[in-house]
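Visitor: I would like to learn how to read a few features from a model. Could we take them one at a time?

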Amino acid sequence: MLLALALTASPLGCDSEDKPEASAPATAPLPAPRAHLRGLKGSVQIKRATADEWSTASDNVPLYENDKVRTEAGAGADLVFAGNGSTVHLGGDSLIGIAETRPRPGRPRTDLTVLRGRIDAEVERPATQSLSVTTPAATIQAGREIVFQ
Amino acid sequence: MRTALLLVAWLGLTPAQDSTVVGANESLREVATRVLGDAAAAAELRALNNLSSDTVAEGTRLKLPGQERVLALKALETARTLLAQAKDAPGLPEATARLKAAEEHFRAARYPQASEAANAAGAQVAAPGAPQASAFTVQVHPDAGTTTVTVTRGPPVRVEAEGVTRPVGPGETVSVEKGHPPTVPPSPPAIPRPEQPAEGALLKRRADAQGKLGPVKLVWAAVAGAERYEVEVLRDAQPTPVLAQASTAPELKLPLLPAGRYRWTVRAVGGAGRSERSAPRLFELAPDKLKLEVQKGQWQ
C-alpha cells in the first residue's frame, strides 16, 4: 500500500526537476564584475567585451573581463576593483582594458591593461593584495608577489 | 622557631591582596579609587563581584583583580600609543575596532581577553609588514607604447620587460621602451647657482650716448650634463624678460641696459632635459658720474 502511494506520488514530487530543457532557457550564470566605474568626469566611454560599439559610460557601471574604457582629453574616471579595495584613477585621453584574472584563494589579483594614457593606481593592502598592470612595453606588479607554479 | 611562628601568624592576619572590605559610607567608585587608583574601575569591581549596582553595604568583602589586570592595562596603554602614532596606517580602522573591544573586555573584568585584543590591535599597526598602501603611476605614451612608471609611496613595485625585472621604490621612476628592458631615465641637469654679481649689488657703469649702461657680466656655477644655459633678465617686477639669451659657457655678458633694478635667472639644458630656473638674483644698474678734471692753464 505504502509502495503504491509512493509510486503514485513520485511524479508529482519530481515535476520541477523533470522539466524539459526546452521549456527552461539555459542561462549561464552572470560573471562577477571585476570593477565599477565611478567619479566620471567628462566624456568616458565603455565597450563591452561582447559589443562592437562604444557607449557612454554611466556612474557605478560594473566592468567585466575584457571590457574596455576610454576617456577623452580632460576626462577622467575611477575604477574601483571589487573585493580588494584597489582603486585606479584613469586620466584623460586614455584607453584601458579589464584583463582576465586568475583569482587565488586569499590572494585577490587584478589585471588591467593600459593601452594609452595615464593611470594612478593604489593598492590598499599590498601585503595581501596585488595589482598587475600590463602595457605594450611592460608589466607592472604592485603588492604581493605571485609566483606561478 | 618563635620568629617563624610569628611570621606565619602575621601572614595569616594580613588581609589578602585579592580582596578588600567596603568601609563606612564608601561607594563603589570610592573603593575603586582607593584600591585601584581609578574611580572608573568601579565597573570592573561590579563585574568582578557580580554586583547589580554601585551601592554596596559597609563591611562587604569585594574581590579584587590580580596581576592579569596589570598586564591588560599595559597591553591597552601600548596599543593606544601605537594607534596614536599610526595615523595613516591602512589597518588603523581594524586596529581601532580591536582596541575598542579590548577596552570593553577590560571594563567587564575579562582581562585575558582584553590583553589579547589589545595586543592584536597594537600588532596590526606596529608589525614591520604593516600594510601601507601602494601608490604608483603608469603613463603609456602615444608613441610605440613607451611606458613610464613612477612610485609615489608604499613598497616597491616590480616592472618587468624583456625578461628583466626592476624594483621601483617610492620617489623613483623607470621608463620602458617597447622591446627593451626597464631603464632609469637620465635626470635633467642640476640647477645652476648664480655667483656674480652678488645679490643686490649696485653696479655703477658709464652711460653711452643713449644713456644705457654697461657692461655687466653674469656668472654662475657650471653644472654637469649641461649643454647650454638659458638666461633671463627681467627689470624690476615686470613679468616679461628684457633679455633671454643662451650661453654655452657659465657666464654671459649683457648688452647695455638702462639704469634700474634687474633680476636674472639661469637654467641648464642638457640631453636629459632642462633644469628648473635658479632663484632670481638681483642687481641695480646706476650711472657712474664722470669726474671732470680741468688742467691749470688758460682754459681753467
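Visitor: Which residues point one way from strand β8 of chain A, and which the other way?

Guide: Keep in mind that this is a predicted model. For a strand, list the side chains by direction. In strand β8 (residues 95-98) of chain A, A:Leu95 and A:Gly97 point one way, while A:Ile96 and A:Ile98 point the other way. All of these residues are buried.

Visitor: How many bridges join strand β5 of chain A to β8(A)?

Guide: To read a pairing, take the bridges and the direction together. Strand β5 (residues 68-71) of chain A runs antiparallel to β8(A) and is joined to β8(A) by three bridges.

Visitor: Turning to chain B, why does B:Ser115 count as buried?

Guide: Burial is read from relative accessibility, with buried meaning under 20%. B:Ser115 counts as buried because its relative accessibility is 12%. The residue belongs to helix α6 (residues 111-126) of chain B.

Visitor: What does B:Ser115 touch, leaving out residues up to four places away in sequence?

Guide: With those left out, B:Ser115 touches B:Glu68, B:Leu71, B:Ala72 and B:Ala75. For B:Ala72 there is also an atom pair to read: a polar atom of the B:Ser115 side chain lies 3.4 Å from the backbone nitrogen of B:Ala72.

Visitor: How many helices and strands does chain B have?

Guide: Chain B has six helices and 16 strands. Of its 300 residues, 35% count as buried. The accessible surface of chain B comes to about 18000 Å², and carbon and sulfur atoms account for 54% of that surface.

Terms used. Residues are numbered from 1 along each chain as its sequence is written. Chains are lettered from A and ligands numbered from 1 in the order in which they are written. This is a predicted model: local features need pLDDT of at least 70, side-chain atom pairs count only at pLDDT 80 or more; totals for chains, interfaces and linings use all residues. Side-chain values use heavy atoms; hydrogens and water are left out. Helices (H or I, at least four residues) and strands (E, at least two) are DSSP runs, numbered from the N terminus. Buried means under 20% relative accessible area, exposed over 50%, partly exposed in between (1.4 Å probe, protein chains only). Accessible areas come from the Shrake-Rupley method with a 1.4 Å probe; for residues, only the protein chains shown count as cover. Two strands pair if DSSP finds at least two bridges between them. A polar contact is a pair of N or O atoms within 3.5 Å; within protein, one must be able to donate a hydrogen and the other to accept it, and residues adjacent in sequence count only if both atoms are side-chain atoms. Contact means heavy atoms within 4.5 Å.
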